[in-house]
Amino acid sequence: MERKPYTSDDFRTNPLMFYYEVTQACDLACKHCRASAQHDAAPDELTHEESMSLITQVAEFPRKPNLCFTGGDPLKRADIFDLISFAVEKEITVALTPSATPLATFEAFQNAKKSGVSAIGISLDGADAATHDSFRGLEGSFDKTMEMLQFAYDLDLPVQINTSITRRNFAQIDEIAELLLDKGIAMWSVFFLVPVGRGVEEIRITPPEYKIAFEKLWHHAQTKPYGVKTTEAPHYRRYVLEQGGNPLAPPKSHGEFAAKMNRGQGYRAPLGITDGRGIMFVGHNGVIFPAGFLPIDCGKFPNVSVVETYQNHPIFVALQNPDNYHGICGRCEHRFLCGGSRARAYAVSGDYLGAEPDCFFEQ
């Protein structure tokens, strides 16, 4: 059944994207990991039955959000394909973000597709093996990532590439864009560092460098066969608007994934979506956050309902109205278009309603 596009009218009732960190277990040690993932599953990880119950609640939102199974490495969960199948049975659109480890086999990708996954998220943090592998903490990770891209291409599984920009790879933005040119991806999501978890040890780029990055991303958005969006850099929307672009325009893509995005089912964030405002995150142990990079405890599933929490918890309610924001973000005429990264504001100042510290438009 075709779904109507997600709009700002939905902000107060249900998220567009619901992220479930099914495990913190992961065989990588990524330098910017928000979860500080570990080799083995945490003892308080939600059980299979609890995870099924959580998925059931997700399906009870007034309109079903897109559900992304993330981690850690979701392939470390023995029941991951059962969870995917159950969510799809609930008519939830599902994405999966496997890590580039030996677990990410062609068979695993086949099982993901058979289970009903609509898209795969794959991380690529450098234009070469040296840069990427230093990010991921595992030699050979770059080659494995390229192999995973081929698996997805061969299976006609739509792919979103996730790239985290820090001081390490800022100079490689153009090279990464060119590397992705012939990979058949649907979307390039460029994440700008939030200093949480292991990410506190990484170096953020400066506000003037954001402008340089945005110029490059806008160029590639106009010239590459895949879509380009940012994560934790909502001021890119203002930049696009000021270049005469439409931040809401469907990005270039291909096949089934393009159709899903054009129906409002895919990853393209609509106007004003940000942490807690169109986004919700549940950790491996059921703790509810406004976003994965905004670690403010808003209750714990199954003790509280995720639907009730999104709609009524004071922190979510505050985040969903940009008139509540402080400093330059609260004064900015583009606060409903952008609003700044709530996660970065909190990480830097301790105020989740505070000013975006990396804005080059307003200081």
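1. Let's start with D182 and K183, whose side chains meet in a salt bridge (3.9 Å, N to O). The term means a side-chain nitrogen of Lys or Arg within 4 Å of a carboxyl oxygen of Asp or Glu. D182 is exposed, with a relative accessible area of 62%, while K183 is partly exposed at 26%. Here buried means under 20% relative accessible area, exposed over 50%, and partly exposed in between (1.4 Å probe, protein chains only).

2. A word on the model: it is predicted, so local features need pLDDT of at least 70 and side-chain atom pairs count only at pLDDT 80 or more, while totals for chains, interfaces and linings use all residues. Residues are numbered from 1 along each chain as its sequence is written, and side-chain values use heavy atoms, leaving out hydrogens and water.

3. Now look at R344 and D358, which form a salt bridge at 3.3 Å, N to O. R344 lies in helix α13 (residues 342-349) and D358 in the segment after α13, so the pair ties together parts that are 14 residues apart in sequence. Helices (H or I, at least four residues) are DSSP runs, numbered from the N terminus. R344 is buried at 0% relative accessibility, and D358 is buried at 2%. Salt bridges with shared partners join R204, R344, E356 and D358 into one network.

4. Finally, the whole chain: the salt bridges number 14, and 59% of the 363 residues count as buried.

Terms used: Helix = DSSP H or I, 4+ residues; strand = E, 2+ residues; numbered from the N terminus.
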